[in-house]
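Me: I'm new to this one. Can you walk me through it in short answers?

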Amino acid sequence: MNKYTEDDLREELKTKEYEYGFYTDIESDTFPIGLNEDIVKAISLKKEEPVWMTEWRLEAFRAWKEMEEPDWANVNYAKPDFQAIAYYSAPKSVDPNKTLDDVDPDLLAMYKKLGISVDEQKKMNNVAMDIVVDSVSVATTFKKTLSEKGIIFMSISEAIKEHPELVKKYLGTIVPQKDNYYAALNSAVFSDGSFCYIPKGVRCPMELSTYFRINQGGTGQFERTLLVADAGSYVSYLEGCTAPSRDENQLHAAVVELIAMDDAEIKYSTVQNWYPGNAEGKGGVYNFVTKRGLCEKNAKISWTQVETGSAVTWKYPSCILKGDNSVGEFYSIAVTNNFQQADTGTKMIHLGKNTKSTIISKGISAGKSQNSYRGLVQIGSRAENARNFSQCDSLLMGNECGAHTFPYIEAKNKTAQIEHEATTSKIGEDQIFYCNQRGIDTEKAIALIVNGFSKDVLNKLPMEFAVEAQKLLEISLEGSVG
Amino acid sequence: MLKINNLHASVEDKAILKGINLEVKAGEVHAIMGPNGSGKSTLSSVIAGKEEYEVTDGEIFFDEENIEELSAEERAHKGIFLSFQYPVEIPGVSVTNFIKTAINETRKAKGLPDMPANEMLKLIREKSELLEIDRKFLSRSLNQGFSGGEKKRNEIFQMAMLEPKLAILDETDSGLDIDALRIVASGVNKLKSKDNAVVLITHYQRLLDYIVPDFVHVLYNGRIVKSGGKELAHELEEKGYDWIKEEVNA
């Protein structure tokens, strides 16, 4: 970890503003704004989905209409006008039959700006990537290498057509259509996302990666990810997100479902860098995400997230530890600056015997932002010898931000062992002066302190991602201490 | 090297230094002694450029340059080092990582490239041996859970790594047992040369048995009220500070 901490970082930091705030002028095929059954059907039709899928969406839509937007989170924002959003936007030049080499040069230029050009992708070691722009999955690399191992990795739209039996079997089993308001909305209108299936006993030879980007204005992004790791398999999955800088608030409501069968292991890492709004709190993405995984016997799911973007974040990647001896982990760094608000954490539901969960959450608040950790540890009555360890650390910068911790513990079995540790600290003038005195300027000192604070979580990220995450931490906090 | 003229400084409008005059030349060791609250630590913070302290009058010259407008890090880059009385903790940042950052930031300020990794490792090995520092110690989080002795030894280790022109050691002896004191003092002595200078700020004479000063100054109520050779320190040890106070107040 120390190897790249300081050396290369500053050099790579050329841009101080939100780096990914460009908009690429690609002709796109966007639906009219508004949401009703016709729009839901139109999305399904556009994607040439089978009837069962259309029905599934409609069922979700009908449920959604009856639901109310949750307001228990520690965030304040103008509720989105769901009738003012376009629910489908696709770059027009995408033809599903084309290969990577035929992709629109403008799109390729955009990937390049994002630092993920497909060419580069091929050269990069062991990362296969699915790229979702606005609503459509544009390119999936390494498909052939993966298919030799029997691994299916494709956009969910393709999967619905090519592997309907798998999708039908698992979709909505972890996050049901009616799970919550945003999940219901997503189930009705999700336009794309990734599907991944790792067969029995297969160790996925490379990191799988999805890159999400909202490009078109006035649209929402509703991606759906379904990842099934069959018995004894292993996969590490990375997810990255960006959006252009816009004055309006854009909605991102995703659902991620993970299934780890007996003895399987899934590592799911996210670097979320949606546009956070400007320094006055105007614009930015609303990031309302439902992520949940199920562990069967001896299985393990590990969520690692670095959340630096979005105006409002509402996100609780969770594990249902159903199988005996299963393990759930949640490692999180959430940074809020300016007027950003984040309410994030996890749920660890212990159902099986000898289940174990670990939660390490690092919240960093600066500016006038509010950063909340909200976590539930639930021990079921049959979960003999369940164990949980939670650690929630908050770091404050300045006097106008807030850090909040809402831990919930529900234990129905006496043998449970639950530990919770929490700390709150502030970057002190003394720490800064100490660094200054050693020749380290204030900005570098903050980066050093924040990286040290986040180290336990950064260490859990795959190498390529850890470097990016450190850069993001530094960018997100620039100018936050006067 | 260091020349202080009629220095007045205050913190939160409270005057603490009330006209300090001091000159330190290359190769010299000065001790500044004085009772609690006399302004010793303030003096070291003001020289190092801590922002909370306001210089209301007088000047500080370092290598003939008035450093009043320079930030703390710029003063550090010029070769001023302060060994803190209470070094701060930085969780998750190892001793090695911290000193590496400090060295490379200083090099950057001078327009030099980062120190190559092998050179850095060699330097760390050399200096940690000099101060009898265990290698394991270097991978621990900076000052976190360190004993008093470890903290001070770490300060001197950083000094050894950064090779400053002027080292101000603020109460480096406090909280040290006799063995730690001996190691720290011998480290300082080994680092001493004709090109650098040391200012020791201390309440007690005991450190001066190990690091022998060329000059001893007594600070009282924001002024240097008495200066002399090393024998002055012994006199203070014997008689305490009261006779100084009486002399001043008379």
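Reply: A term to begin with. A crossing is left-handed if the near helix is turned anticlockwise from the far one by less than a right angle, and right-handed if clockwise. Helices (H or I, at least four residues) and strands (E, at least two) are DSSP runs, numbered from the N terminus. This is a predicted model, where local features need pLDDT of at least 70, side-chain atom pairs count only at pLDDT 80 or more, and totals for chains, interfaces and linings use all residues. Residues are numbered from 1 along each chain as its sequence is written, and chains are lettered from A and ligands numbered from 1 in the order in which they are written.

Me: OK. What is the handedness of the crossing of helix 3 and helix 4 of chain A?
Reply: Right-handed. Helix 3 (residues 37-46) of chain A and helix 4 (residues 51-66) of chain A pack at about 150 degrees, their axes 10 Å apart. That makes the two helices of chain A roughly antiparallel. Axes are lines fitted to C-alpha atoms, for helices over the stretch in contact, and angles run from 0 to 180 degrees between N-to-C directions. Angles under 35 degrees count as roughly parallel, over 145 as roughly antiparallel, 65 to 115 as roughly perpendicular and the rest as oblique.

Me: Which residues of helix 3 and helix 4 of chain A meet?
Reply: A:E37, A:V40, A:K41 and A:S44 of helix 3 meet A:M53, A:T54, A:R57, A:L58 and A:F61 of helix 4. Contact here means C-beta atoms, placed from the backbone, within 7 Å. By class there are 4 nonpolar, 2 polar and 3 charged residues. Ala, Val, Leu, Ile, Met, Phe, Trp, Tyr, Cys and Pro count as nonpolar, Asp, Glu, Lys and Arg as charged, and the others, Gly among them, as polar.

Me: Switching to chain B. How many helices and strands?
Reply: Chain B has 8 helices and 12 strands. Its C-alpha trace spans about 60 × 40 × 35 Å along the principal axes.

Me: How do the strands line up in the open sheet of chain B?
Reply: 6 strands run in the order 6-9-10-3-11-12, with mixed pairing. Two strands pair if DSSP finds at least two bridges between them. Strand 6 (80-83) and strand 12 (223-228) of chain B are at the edges with a single partner strand each, so one side of each has no neighbour in the sheet. The twist averages 20 degrees from one strand to the next.

Me: In what sense do strand 9 and strand 10 of chain B pair, parallel or antiparallel?
Reply: Parallel, over 5 bridges. One bridge there joins B:A167 to B:V198 of strand 10 of chain B.

Me: And what packs on that sheet?
Reply: Helix 7 (residues 230-239) of chain B. It touches strand 3 (29-33), strand 11 (215-220) and strand 12 of chain B.

Me: At what angle do helix 3 and helix 5 of chain B cross?
Reply: Roughly 35 degrees, with the axes within 10 Å. The crossing is right-handed. Among the residues in this contact are B:I99 of helix 3 and B:M161 of helix 5 of chain B.

Me: How many residues link the two chains?
Reply: 26 residues of chain B are in contact with 20 of chain A. On the chain B side, helix 3 gives the largest share, 8 residues. That side of chain B divides into 12 nonpolar, 9 polar and 5 charged residues.
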